[in-house]
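Me: I am new to this structure and would like a short tour of it. Please begin with any terms I shall need.

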Amino acid sequence: MFTLRCLRCNFLAGVEERGLTCPLCHGQLVIEYDYDAIAEKAREVFDGHVTGMWKYLPLLPLADMRNIVTMGEGGTRVVRAANLGRYLGLSQLLLKIEAWNPTGSHKDRQISLATSRALELRYQLALTSSSGNVGAAVAAYTSRAGIKSVIMVPNVIPEEKMIQISAYGGFVVVVDTPDNVEVANLVEKLVKEFGAYDMVTAAPHNPYTLEAGRTIAFEIFEQIKPLPDIIVTPVGGGGLLGSLWKGFTDLVKLGFVDEKEIPRLVGVQAEGCQPFVRAVRERWPLEKVLNTPWEQIRTICTALADTIPLDAMAAIPAVKETGGTAIAVSDAETLEAGKLLSSMEGIFAEPSSNVCIAAIRRLVEAGWIKSSDRVLSLVTGTGLKDLRSIRAVISPPTKIRPSLGEAVSIIRQFI
Ligand SMILES: Cc1ncc(COP(=O)(O)O)c(C=O)c1O
Ligand SMILES: [Zn+2]
């Protein structure tokens, strides 16, 4: 079981609390667990088999399992990237493929949990801002739950993502700004207007969304022994990175992992929108981070283009407390990294995910990652969702007449 505590005024609420922010002061709510009460159950749960995220129900904030809205999210594979690892000069590179979740990104975990809780709390309308991946997940899961969804998107969303959201039955509204945080602020007001459920995947909007990302850490713990030395993740709002860290600290609290074993966590952004990297590098206090938006978005990594890292409260310590780092890479490096990943390992990911491979390359070159380090990168979103930038760097198909001679000669040139 869990409780909700207000970060600002310490108000405590139980599982029946319907609000997503503090009912007294609108402060951010954090979810807390009674670790002593769940310790025994947790020992049963961590049995070395990775089946799906709802396996970890005793460690998730949902009161009644009958409210679970699921499509088999989580339980994602870790694969060894031997070719790419060798190419980058690493003895071991592992990839956890979150892109193969039901709607094509790691956000399915967060939205499966958030939708289940919305059902439990009897909401009938969900609203979110999204650069596409959250929107697709919200539309898909809420449709299953019989909840209506409105997805407000910035004007830079890839067409594939927009089509996907509409196909799942979400109502898409394009807001004429490239800034997802501006759209999220609009959502906050609309949520009040309609008494709706806020599904923006950042804890200040919806405290449940951060919790599901912890299951990625739980699965890594069950899949890889000993734990990797380094884990690399993309950063938009910072919820993914923050929740990974929260998951590992849960494992410490439960006595499964020693604090020293927690992998060094690396957060990656695109150079053209890197408020999180700037905040870490310049050691900004949280207050300043949350009040100083990045000014000009200049990147193809639209899923990471949050001008304020709304989950900085969890994401900054994730890097600092684990001895990790934050790094930004150029779009050219990201596109090149994506090509390497897909052509060497058969894993086609979107640019906002491929920043991690570009970052590993840089960090190896800089000597921050040693060749003996065991590195795990998350692959967060499928490449099928964002084709326009990738199209520019792949060779166009070769056209011939239906002639054996032409076919033979063209294939000879390729092999
Ligand atoms: C594919 C992909 N990777 C990474 C992220 C970053 O997650 P977060 O916003 O929790 O930092 C996002 C966020 O939208 C995403 O869509
Ligand atoms: Zn409060």
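Reply: A residue is called buried if 20 or more other C-beta atoms, placed from the backbone, lie within 10 Å of its own, exposed if there are 12 or fewer, and partly exposed in between. Helices (H or I, at least four residues) and strands (E, at least two) are DSSP runs numbered from the N terminus. The model is predicted, with local features needing pLDDT of at least 70 and side-chain atom pairs counting only at pLDDT 80 or more, while totals for chains, interfaces and linings use all residues. Residues are numbered from 1 along each chain as its sequence is written, and chains are lettered from A and ligands numbered from 1 in the order in which they are written.

Me: Thanks. How many residues of β10 are buried?

Reply: Strand β10 spans residues 230-234, and five of its five residues are buried. On one side these are Ile-230, Val-232 and Pro-234, and on the other Ile-231 and Thr-233, so that both faces of the strand are covered. In a regular strand the side chains alternate between the two faces of the sheet.

Me: And which strand is joined to β10?

Reply: β10 runs parallel to β11, and five bridges join the two. Strands count as paired if DSSP finds at least two bridges between them. Ile-230 has Arg-264 of β11 as its bridge partner.

Me: Which non-glycine residues have a positive phi, then?

Reply: Asn-10 is one of them, with phi about 70°. Asn-10 sits in the loop between β1 and β2, and counts as exposed because it has 11 C-beta neighbours inside 10 Å. Arg-283 is another, with phi near 50°. Arg-283 belongs to the loop between α10 and α11 and is also exposed, with 9 C-beta neighbours inside 10 Å.

Me: You mentioned β1 and β2. What is the strand order in their sheet?

Reply: The order is β2-β1-β3, an open sheet of three strands with antiparallel pairing. Because β2 (12-13) and β3 (29-33) are at the edges with a single partner strand each, one side of each has no neighbour in the sheet. Strand β1 (residues 2-6) is joined to β3 by five bridges, and Cys-6 has Leu-29 in β3 as its bridge partner.

Me: What about the sheet of four strands: is the pairing parallel or antiparallel?

Reply: The pairing is parallel in that open sheet, whose order is β8-β7-β6-β9. There the edge strands are β8 (171-175) and β9 (197-198), each with a single partner, so one side of each is left without a neighbour in the sheet. β7 (residues 148-154) and β8 pair over five bridges, with Ile-151 opposite Val-172 in β8.

Me: On to helices. Which residues of α12 are buried?

Reply: In α12 (residues 312-322) the buried residues are Ala-312, Ala-314, Ala-315, Ile-316, Ala-318, Val-319 and Thr-322. The elements that cover them include α7 (207-212), α9, β11 (264-270), α10 (275-281), α11 (286-291) and β12 (325-329); contact here requires C-beta atoms, placed from the backbone, within 7 Å. After α12 comes Gly-323, with a positive phi near 75°.

Me: Last topic, the ligand. Which residues come nearest to ligand 1?

Reply: Gly-236, Gly-239, Ala-303, Thr-380 and Gly-381 come nearest, out of 17 residues around ligand 1. A residue is near a molecule if its C-beta atom, placed from the backbone, lies within 6 Å of it. Helices α9 (239-253) and α14 (351-365) each supply at least two residues of this shell.

Me: One more thing: how far apart are the C-alpha atoms of Glu-182 and Leu-404?

Reply: They are separated by 57 Å, and the two residues are 222 apart along the chain. Glu-182 is part of helix α6 and counts as partly exposed, having 17 C-beta neighbours inside 10 Å.

How values were computed
Two residues are in contact if their C-beta atoms, placed from the backbone, lie within 7 Å.
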